[in-house]
Amino acid sequence: MSTAPDSAPREPKPALVFDDPLNQQSSDDTDRGWGERPSGDSAADLKRFLDEKPPHHI
């Protein structure tokens with residue numbers, strides 16, 4: 001039993017990119033996401049600062 005191949009258009013395959021990946025900026029090249037906390041309550045910021053301060057700085 002033979003069937004004819006579907007003549008429906010196929011989605012094109014993704015093209016290969018041969019660019020140098022070191023020339024592109026990565027997410028690590030920016031300062032975004034490096035320990036930033038959303039701005040908010042200043043009392044909570046002070047509490048966090050005092051909680052994380054080493055004992056010899058009190």
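Here is a walk through this predicted model, from the whole chain down to a few side chains. Local features need pLDDT of at least 70 and side-chain atom pairs count only at pLDDT 80 or more, while totals for chains, interfaces and linings use all residues. Residues are numbered from 1 along each chain as its sequence is written, and side-chain values use heavy atoms, with hydrogens and water left out.

Let's start with the chain as a whole. It has one helix and zero strands, where helices (H or I, at least four residues) and strands (E, at least two) are DSSP runs, numbered from the N terminus. Of its 58 residues, 2% count as buried; buried means under 20% relative accessible area, exposed means over 50%, and partly exposed lies in between (1.4 Å probe, protein chains only). The accessible surface comes to about 6,500 Å², and 54% of that belongs to carbon and sulfur atoms. These areas come from the Shrake-Rupley method with a 1.4 Å probe, and for residues only the protein chains shown count as cover.

Now for the helix, α1, which spans residues 42-52 and holds Phe-49. Phe-49 counts as partly exposed because its relative accessibility is 48%. Together with Leu-46 and Leu-50, Phe-49 forms a nonpolar patch on the surface, with about 310 Å² of accessible area between them. Patches are made of residues with over 30% relative accessible area and no salt bridge, joining like charges within 9 Å and nonpolar side chains (Val, Leu, Ile, Met, Phe, Trp, Tyr) within 5 Å.

On to the charged side chains. A salt bridge here is a side-chain nitrogen of Lys or Arg within 4 Å of a carboxyl oxygen of Asp or Glu, and the count comes to two. One joins Asp-51 to Lys-47 at 2.9 Å, N to O. Asp-51 and Lys-47 are both exposed, and they sit about one helical turn apart because four residues separate them in helix α1. Another joins Glu-52 to Arg-48 at 3.4 Å, N to O. Glu-52 and Arg-48 are also four residues apart in helix α1, so about one helical turn separates them. Arg-48, at 32% relative accessibility, counts as partly exposed.
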